[in-house]
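Reader: Could you walk me through this model before I go any further with it? I would like to start with the ground rules and then go through the parts.

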Amino acid sequence: MRRVTLLLGLQVSFLLGPLALGPARAAEAAAPDRPGVAALALGLLEFTRWPRPPDLLCVSAGGPQAKALAAALPEHPLSSRLSLREVAVDAELPASCDAMLFEGWTEERQAQALRENAERPVLTLGLGAGFCTLGGAVCFGEGRGQPAFEINTDALARSGLRVNPRVLLLTRARKPAA
């Protein structure tokens with residue numbers, strides 16, 4: 001499996017700066033100049049291309065990152081074409097989801113949902129590097145003390161989704177953790 005990591009720094013702030021989201025960003029970020037998971041997720045949604053325009057963002061019900069994303073979406077330009085739906089933790093992933101933020105799922109159920117949806121155009125987002133190891137497309141975490149995310153290019157290729165090359169240019173190749 002090939003993964004690339006994006007560390008948020010000056011270059012990323014320049015590219016994704018417009019994606020910062022007022023109150024949601026402040027609530028999520030440890031420092032006011034760093035976007036949190038909600039801002040990063042919305043930015044990735046903006047820089048991803050589906051076979052048809054996405055219209056449904058699914059999130060795990062009750063998770064703190066899902067709540068932040070739900071709070072941030074109405075202030076984001078994507079809100080005019082993207083609605084949000086909560087999915088019960090460890091439940092069946094609805095076929096209508098164009099993107100899914102996994103949070104609080106058991107590893108076994110999460111892995112099963114990722115396998116079942118691997119070849120569908122669903123942007124799978126999760127927390128921790130283990131999420132990409134299970135087959136998720138985007139893993140949020142920390143890198144060098146800053147918010148970061150990894151992109152599992154194999155998972156993206158299987159899904160048929162395309163991430164804007166400007167995002168991938170800001171990444172540096174990294175071997176997966178053993």
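Reader: Good, so what are the ground rules?

Author: This is a predicted model, in which local features need pLDDT of at least 70 and side-chain atom pairs count only at pLDDT 80 or more, while totals for chains, interfaces and linings use all residues. Residues are numbered from 1 along each chain as its sequence is written, and side-chain values use heavy atoms, with hydrogens and water left out.

Reader: How many helices and strands does the chain come to?

Author: The chain has eight helices and ten strands, where helices (H or I, at least four residues) and strands (E, at least two) are DSSP runs numbered from the N terminus. Of its 178 residues, 49% count as buried, buried being under 20% relative accessible area, exposed over 50% and partly exposed in between, with a 1.4 Å probe and protein chains only.

Reader: And what share of the contacts joins residues at least 24 apart?

Author: Taking contacts in the chain between residues at least 6 apart in sequence, 65% join residues at least 24 apart, a contact being heavy atoms within 4.5 Å.

Reader: Now the cysteines: how many disulfides are there?

Author: There are two disulfides, each being a pair of cysteine sulfur atoms within 2.5 Å. Cys58 and Cys97 form a disulfide with their sulfur atoms 1.9 Å apart, and Cys132 is joined to Cys139, also with an S to S distance of 1.9 Å. With the bonded cysteines numbered in sequence order, the pairing reads 1-2, 3-4.

Reader: Which parts of the chain does the Cys58 and Cys97 pair link?

Author: That pair links distant parts of the chain, with Cys58 in strand β3 (residues 56-60) and Cys97 in the loop between β4 (83-87) and β5 (99-101), 39 residues apart.

Reader: Is Cys139 buried or exposed, and what is its relative accessible area?

Author: Cys139 is buried, with a relative accessible area of 3%, and Cys132 is also buried, at 0% relative accessibility.

Reader: Switching to packing, which residues have the most contacts inside the largest nonpolar core?

Author: They are Leu45, Leu69, Leu123, Val138, Phe140 and Phe149, in a core of 32 residues; a nonpolar core is a set of buried Ala, Val, Leu, Ile, Met, Phe, Trp, Tyr and Cys residues joined through side-chain atoms within 4.5 Å. Among the elements that give two or more residues to this core are α3 (37-46), α4 (64-72), β6 (123-127) and β8 (146-152), and the largest share, seven residues, comes from α3. Apart from this core lies another, of 14 residues, among them Cys58, Cys97, Cys132 and Cys139.

Reader: What is Val138 in contact with?

Author: Leaving aside neighbours within four places in sequence, Val138 is in contact with several residues, including Leu44, Leu123, Phe131, Cys132 and Phe149.

Reader: How many aromatic pairs are there?

Author: There are three aromatic pairs; rings of Phe, Tyr and Trp (its six-membered ring) pair if their centres lie within 6.5 Å, and planes under 30 degrees apart count as stacked, over 60 as edge-to-face and the rest as tilted. The rings of Phe102 and Trp105 have centres 4.8 Å apart and planes at 70°, so this pair is edge-to-face. The rings of Phe102 and Phe131 have centres 5.5 Å apart and planes at 45°, so this pair is tilted. Phe102 lies in the loop between β5 and α5 (107-116) and Phe131 in helix α6 (residues 129-134), 29 residues apart. Phe102, Trp105 and Phe131 form one aromatic cluster.

Reader: Back to β3, then: which strand does β3 join through five bridges?

Author: Five bridges join β3 to β4, and the two run parallel, strands being paired if DSSP finds at least two bridges between them. In this pairing Ser60 stands opposite Val87 in β4. β3 also pairs with β5 in the parallel sense, over three bridges, where Leu57 stands opposite Ala99.

Reader: And why is β3 largely enclosed?

Author: Five of the five residues of β3 are buried, so β3 is largely enclosed by the rest of the structure. Both faces are covered, with Leu56, Cys58 and Ser60 buried on one side and Leu57 and Val59 buried on the other.
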